[in-house]
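The sequence and structure come before the description.

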Amino acid sequence: GAAGALVAILDRVRSGTGQTVEVSVQEAALSGLYPWGIPLADYQRHYPMMASSPPRAADGNYMVLPCADGYVRVLPATPAHWRGFVKLVGSPEALAGPEWDFLPFRIMNGDLIRALATEALQSRPRREVVDEGRRHGVPIGPVNTPEEFVRETQTVVRGYFRRLPETPLGDAPVAAAPFVFSRTPVSLRRGAPRANEDDVAGLPP
C-alpha cells in the first residue's frame with residue numbers, strides 16, 4: 001500500500017493529476033509485507049505474563065485451521081472479530097467469558113482455542129466456513145495452493161498475472177504489481193532479459 005501511494009505521488013508531481021490507488025491485501029501479502037505492531041523484543045515489557053516470544057503466524061493467535069477440503073486462516077484481533085469467530089465455531093461455553101476479549105489472554109490460551117475451532121470446522125467445506133465467517137465479520141480467507149490462487153476469482157478479475165511474449169518461460173503467467181492505479185495502469189511490456197542479452201535495449205531512457 002505504501003509503495004503504491006508513493007508511486008502515485010511521484011506520478012502526481014510529474015503530471016499534476018492525482019488518482020485513486022487500489023491495493024489488494026492478498027496481493028500485498030504475497031510481496032512479503034508483514035509489519036508488527038510491537039517489536040518482538042518488546043513483547044515481554046508490554047505483557048510480562050506472556051512468553052517473550054510466543055508462537056506466531058499460523059502457529060500463533062492468527063491460526064490456520066483445517067476444513068474438510070483445505071484450510072482457512074483467521075485473524076480475530078479485535079473484540080468484535082473475536083465474538084464473530086466464537087459464533088463461527090459454535091459458541092462453545094469454554095470461550096464465553098469476558099476475559100476472552102483480552103488479546104494477550106487469547107494468545108496465552110491459544111492451544112484451547114485451536115482445539116475447539118479444529119473440532120468445529122474440520123468436517124465443514126472450506127467455502128462454507130469462509131462465507132459464514134465473513135457474515136459474522138471475521139477476517140478470514142482460504143489458504144490457497146499455488147494452483148488455486150492462480151484460478152481464484154479475485155486474482156483473475158484483477159489481472160494479477162500477465163502473459164508476456166518471448167520469455168524463456170514460454171506462456172507461463174508472470175506476477176505484476178500488487179496495486180492498481182485508476183489513471184496509469186501498471187503494465188509489463190517485456191520479460192527479463194535472456195542470458196547475454198542487452199538488458200536496456202528497447203527500454204525508454
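A residue is called buried under 20% relative accessible area, exposed over 50%, and partly exposed in between, with a 1.4 Å probe and protein chains only. Helices (H or I, at least four residues) and strands (E, at least two) are DSSP runs, numbered from the N terminus. The model is predicted: local features need pLDDT of at least 70, side-chain atom pairs count only at pLDDT 80 or more, and totals for chains, interfaces and linings use all residues. Residues are numbered from 1 along each chain as its sequence is written, and side-chain values use heavy atoms, with hydrogens and water left out.

An open sheet is formed by 3 strands in the order 2-3-4, with antiparallel pairing. Its edge strands, strand 2 (64–67) and strand 4 (140–142), each pair on one side only. On average, neighbouring strands of this sheet are turned by 30° against each other, direction ignored. Two strands count as paired if DSSP finds at least two bridges between them. Strand 3 (residues 70–74) is joined to strand 2 by 4 bridges and to strand 4 by 3 bridges. A hairpin through 2 residues connects strand 2 to strand 3. Within these pairs, L65 stands opposite V72, P66 stands opposite Y71, and V72 has P142 of strand 4 as its bridge partner. The covered face of strand 3 consists of G70, V72 and V74, while Y71 and R73 make up the uncovered one.

Contact here means heavy atoms within 4.5 Å. Helix 7 (residues 126–135) packs on the sheet and touches strand 2, strand 3 and strand 4. The direction of helix 7 makes about 160° with that of strand 4; axes are lines fitted to C-alpha atoms, for helices over the stretch in contact, and angles run from 0 to 180 degrees between N-to-C directions. After helix 7 comes G137, with a positive phi near 80°. Helix 1 is likewise followed by a residue of positive phi, G16, near 80°.

The expected span of a helix is 1.5 Å times one less than its number of residues. The table sets this against the model for two helices.

| Helix | Residues | Number of residues | Expected span | Span in the model |
|---|---|---|---|---|
| Helix 1 | 2–15 | 14 residues | 20 Å | 20 Å |

In helix 6, the buried residues are G110, I113, L116, A117, T118 and L121. They pack against strand 2, helix 4 (79–88), helix 5 (103–108) and helix 7. In helix 7, R126, V129, V130, E132 and G133 are buried, and their packing partners include helix 4, helix 6 and helix 8 (146–151).

**The nonpolar core**

A nonpolar core is a set of buried Ala, Val, Leu, Ile, Met, Phe, Trp, Tyr and Cys residues joined through side-chain atoms within 4.5 Å. The largest one has 20 residues, of which L65, F85 and L95 touch the most other members. At least two residues of this core come from each of strand 2, strand 3, helix 4, helix 6 and helix 7. Leaving aside neighbours within four places in sequence, L95 is in contact with W82, V86, V89, W100, I113 and L116.

**Q19**

Q19 lies in the loop between helix 1 and strand 1 (21–23). Its relative accessible area is 18%, so Q19 is buried. The side chain of Q19 makes a polar contact with the side chain of D11 at 3.1 Å. Such a contact is a pair of N or O atoms within 3.5 Å; within protein, one must be able to donate a hydrogen and the other to accept it, and residues adjacent in sequence count only if both atoms are side-chain atoms. A polar atom of the Q19 side chain also lies 3.2 Å from the backbone nitrogen of R183. Not counting residues up to four places away in sequence, Q19 touches D11, F181, S182, R183 and T184.
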